[in-house]
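This briefing was prepared for a reader who has the sequence and the three-dimensional structure at hand. Please keep both in view while reading the points below.

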Amino acid sequence: MSESPTAVLYDIHGNLAALEAVLADAEQAGVTSYLLGGDYAAVGPWPRETAELLEGLPAIVRIRGNVERWLREEPEVSSADARRFLNAAMTAARDSLGPALVERLYGLPEHAEFEGIFVCHGSPISDIQSFAPQPQAGEDSMLDGQTHRTILFGHSHQQFRRAGPNDTALVNPGSVGAPLDGDRRAAWALYQEGEIHFRRTEYDNERAAAKMRSLGEWAEPVVHRIEFGSDAA
């Protein structure tokens, strides 16, 4: 009998509607455990409800992403527009989550090991520096010495896999809550018997977009991501 699959979920960003659909899909697939790769609650429609649902899952790996870190630290952004957007987004997240949830999310580890796979949010060296779908000059520096293994990461909200430097395999399961690869369906993956299988799940995008829009004008860029699976031009 084959082992039960593990669901791999990254970049949920408070999108409860997407998460609920993915969890239903995962249950149908026989999932009994979860690998959670960060960016759970902030910059999305339902921060607290999403974080609470995730806390109840049987997670064998649970790391933090950059937005968990930003709950307590200043975001590394240079433009005034990005700073205004993130200030509004993180304030909304903190207000929704409350101090106890903020503390638990911020205190999660930055990376983990799973079945010989290095699990991180952006890359082994950073939660905001990440690999692109196509090879980039100097990307070996982001491996932080990792060689001959699979690197599982997210952050870019783009579902892809490819060979990386130093005999690595780079695998990004995509974003559950805000994909940026032109497909607005929730993106995630199943891990079973040493293989990572990509999945996409339909969900009620209109419900999520309406809730996001109700948070104020600052939320419009996220509304666009939910509705179109991409950033506005």
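The model is predicted. The chain has 233 residues, and its secondary structure comes to 7 helices and 10 strands. Strand 9, which spans residues 186–192, pairs with strand 1 and with strand 10.

**Overall form and surface**

- The radius of gyration of the chain is 17 Å, which agrees with a compact globule, because a globule of 233 residues would have a value near 17 Å.
- Taken along the principal axes, the box filled by the C-alpha atoms is roughly 45 × 40 × 35 Å.
- Of the 233 residues in the chain, 52% are buried.
- Among contacts with a separation of 6 or more, 65% are between residues 24 or more positions apart.
- The chain exposes about 10,200 Å², and carbon and sulfur atoms supply 48% of this area.

**Strand 1 and strand 2**

- Strand 1 covers residues 6–9, and strand 2 covers residues 33–36.
- These two strands, strand 1 and strand 2, are paired in the parallel sense through 4 bridges.
- Within this pairing, Leu9 stands opposite Leu36 of strand 2.
- In strand 2, Ser33 and Leu35 point one way while Tyr34 and Leu36 point the other way, and all are buried.

**Strand 9 and its partners**

- Strand 9 is mostly covered, with 6 of its 7 residues buried.
- With strand 1, strand 9 pairs in the antiparallel sense over 3 bridges, and Ala7 stands opposite Leu190 of strand 9.
- Strand 10 spans residues 195–201 and runs antiparallel to strand 9, to which 7 bridges join it.
- Two bridge partners can be located in strand 10: Phe198 is the partner of Ala189, and Arg199 is the partner of Trp188.
- Strand 9 and strand 10 form a hairpin with 2 residues between them.

**Loop residues with positive phi**

- Glu193 is found in the loop between strand 9 and strand 10, in the turn of the hairpin.
- The phi angle of Glu193 is near 50°, a positive value in a residue other than glycine.
- Asp167 lies in the loop that runs between strand 7 (160–164) and strand 8 (168–172).
- Asp167 also has a positive phi, of about 55°, although it is not a glycine.
- Asp167 counts as exposed because its relative accessibility is 54%, and the cut-off for exposed is over 50%.

Note on methods: Residues numbered from 1 in each chain as written. Predicted model: local features only at pLDDT ≥ 70, side-chain atom pairs only at ≥ 80, totals over all residues. Heavy atoms only, no water. Buried < 20%, exposed > 50% of the residue type's maximum accessible area, 1.4 Å probe, protein only. Pairing = 2+ DSSP bridges. Rg over C-alpha atoms; globule rule 2.2 N^0.38 Å. Contact = heavy atoms within 4.5 Å. Areas by Shrake-Rupley, 256 points an atom, 1.4 Å probe, with all protein chains shown as cover.
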